Amino acid sequence: MEPDRDPQPGAAGEFSDELAQFIQPEAASRLQRFLNYLIDNLFMQYGLSYLTGMLVGYLILRVMPDLAMQIYLGADKLSAPYLLLAYLIGLVNYLLYYTLCEKAFRGYTLGKLITGTRAIRQDGRELTFRDALLRSLSRLVPFEALSGFGLPWHDSWTRTTVIKTR
């Protein structure tokens, strides 16, 4: 009787690569992608931004209580620096949400999870951190959302796509 042998190194990986060539995932529909956009942006605006605002407010109150009082008393006269700070916090939220979700959750965001879609590379592999970050940065380009009527720029520029998972 011959002893059990381990398969050759890389044999399983070669098989999965060959199998991936024959299985073509189905692209997400425009409706699914629109719903992804809507759900993710509603979550960011009403959930994540609220939490970030509370955290920034708490930090300002603890570190600079006089500034916190000025902001509270002059809330009706918000000046450009405060609006710029709020805008920058929003950008950071946007970048962190999409980048971390798409990398940590293997291509899923809350919207993609609900609609049964997932972001992957065009070669069928999982997104790398670089892919997720570049997708997020491309979404910040003005009018990028309008590119969703065709192939979204954040897909074409980063060689990624969104597929159906169910």
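Helices here are DSSP runs (H or I, at least four residues), strands likewise (E, at least two), and both are numbered from the N terminus. The expected span of a helix is 1.5 Å times one less than its number of residues. This is a predicted model, in which local features need pLDDT of at least 70 and side-chain atom pairs count only at pLDDT 80 or more, while totals for chains, interfaces and linings use all residues. Residues are numbered from 1 along each chain as its sequence is written, and side-chain values use heavy atoms, leaving out hydrogens and water.

Let's follow helix 2, residues 30–63. Its 34 residues reach 46 Å from first C-alpha to last, close to the 50 Å expected. Along the way comes a kink of about 35°, centred on Met44; the bend at a residue is the angle between axes fitted to the seven residues ending there and the seven starting there. Met44 is also one of the buried residues of helix 2, which include Arg33 and Ile60 (buried means under 20% relative accessible area, with a 1.4 Å probe and protein chains only).

Now to the open spaces. A pocket is an open set of points on a 1 Å grid over the protein atoms alone, where a 1.4 Å probe fits, with protein on both sides within 12 Å along at least five of seven lines; lining residues have an atom within 4 Å of a point. The largest pocket holds about 540 Å³, and Arg33 is among the residues closest to its centre. Helix 2 gives the most to this lining, with six residues.

The second largest pocket holds about 400 Å³, and Ile60 is among the residues nearest its centre. Here too helix 2 gives the most to the lining, with six residues.

Technical notes: Buried means under 20% relative accessible area, exposed over 50%, partly exposed in between (1.4 Å probe, protein chains only). Grid points are joined across faces, edges and corners, and a volume is the space filled by probe spheres set on the points.
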